[in-house]
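Subject: Structure handover

Hello,

Please find the structure below, followed by notes on what was found in it.

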Amino acid sequence: MTGNHWGYGKEDGPSLWHRNYPVAQGSRQSPIDIIPHQAAHDHSLDAIILNYDHCTSINISNNGHSVVVEFDDSDDRSVIRGGPLDNAYRLKQFHFHWGGKGCHGSEHTVAGMSYASELHLVHWNAVKYKNFSEAATAPDGLVVLGIFLETGDDHRWLHVITDALYMVKYKGSLTDFKGFNPKCLLPSSLHYWTYLGSLTTPPLHESVTWIILKEPISVSEKQLGKFRMLLFTGEEEDQRIRMENNFRPPQPLKGRKVRSSN
Ligand SMILES: O=C(NCc1ccccc1)Nc1ccc2c(c1)[B-](O)(O)OC2
Ligand SMILES: [Zn+2]
């Protein structure tokens, strides 16, 4: 693994990230294996509140690690609050992690079981920090809402995203993607687990309060297959490497407590 380049392959994958990012072996790394009956039921945990109504997606892009939908985070129009949070956190982007054909690709696991994919909705603390970069290095800087995807029926709204993937096939590609509201990707229940962790990709900053929804959403194998037509590689590169298995395996809990909403 040369320079700060990293990936999910044999030569640059998660087991090697510690060489350039020593925090990879830190005390609050993510993802983790969530063991439901060991999670503490905390009755002081309120429901989470998602105010995504004036949501303004801007673009969709392939950053060589995942497909990302970015939002206008210049004001508090789309925020998450409540639950374990002391204030509102602003929606910045969402992206996915997924597996290869037929095998699983979530980052968090539940009692050792992984899902086909995992959606991350990334929010930052605009009350305490002046921008995302500054928040991303602070212990209370980020909140990521994690949603599991399981294969089953077609998801009625996911096609809006999968229909756009051909436009961002190559690393470094970006295209307009306006008016998408991720509220349509939520499961019916907002029951969750929460714990203190990190980014699951370099720079692996230990700045994330994770809120993982217990109920997965259903997407079809066909819809998931469209994510696998994306490439890790750029248009100008000789190699065309299919974007799949872009997930980090569970990391040591190191004494952390996972709390469960009611
Ligand atoms: O934002 C990221 N990088 C760019 C960056 C910019 C400025 C400072 C630091 C980092 N990465 C990142 C953000 C959020 C999540 C992840 C990765 B995830 O763990 O995949 O799911 C949640
Ligand atoms: Zn992620």
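To start with one contact, the side chain of H155 comes to 3.2 Å from the backbone nitrogen of L158. This is a polar contact, that is, a pair of N or O atoms within 3.5 Å; within protein, one must be able to donate a hydrogen and the other to accept it, and residues adjacent in sequence count only if both atoms are side-chain atoms. H155 sits in the loop between strand 10 (142–151) and helix 2 (159–162). Helices (H or I, at least four residues) and strands (E, at least two) are DSSP runs, numbered from the N terminus. H155 is buried, because its relative accessibility is 9%. Buried means under 20% relative accessible area, exposed over 50%, and partly exposed in between (1.4 Å probe, protein chains only).

Some notes on the source. This is a predicted model, in which local features need pLDDT of at least 70 and side-chain atom pairs count only at pLDDT 80 or more, while totals for chains, interfaces and linings use all residues. Residues are numbered from 1 along each chain as its sequence is written, chains are lettered from A and ligands numbered from 1 in the order in which they are written, and side-chain values use heavy atoms, with hydrogens and water left out.

Next, the ligand. Around ligand 1 there are 13 residues, of which the closest are H95, H97, H120, T200 and T201; a residue counts as near if one of its heavy atoms lies within 4 Å of the molecule. T200 takes part through its backbone, with an N or O atom 2.5 Å from an oxygen atom of the ligand. Ligand 1 alone exposes 490 Å², and the protein buries 78% of that (accessible areas by the Shrake-Rupley method with a 1.4 Å probe). Strand 7 (89–98), strand 9 (117–124) and helix 1 (132–135) are the elements that give two or more residues to the shell around ligand 1.

Two peptide bonds are cis. One runs from S30 to P31, with omega near 0 degrees, and P31 belongs to the segment before strand 1 (33–34). The other joins P202 and P203, with omega about 10 degrees; P203 is in the loop between strand 12 (192–197) and strand 13 (208–213).

That loop between strand 12 and strand 13 also holds L204. L204 is not a glycine, yet its phi is positive, near 60 degrees. At a relative accessible area of 0%, L204 is buried. N245 is another residue other than glycine with a positive phi, near 55 degrees. N245 lies in the loop between helix 3 and strand 15 (259–260) and is partly exposed at 28% relative accessibility.

What is the count of disulfides? The count is zero, where a disulfide is a pair of cysteine sulfur atoms within 2.5 Å. C103 is partly exposed at 37% relative accessibility, and C184 is partly exposed at 22%.

Lastly, K226 is in helix 3 (residues 221–227) and is partly exposed at 29% relative accessibility. K226 and L186 are 40 residues apart in sequence and 20 Å apart in space, C-alpha to C-alpha.

Regards
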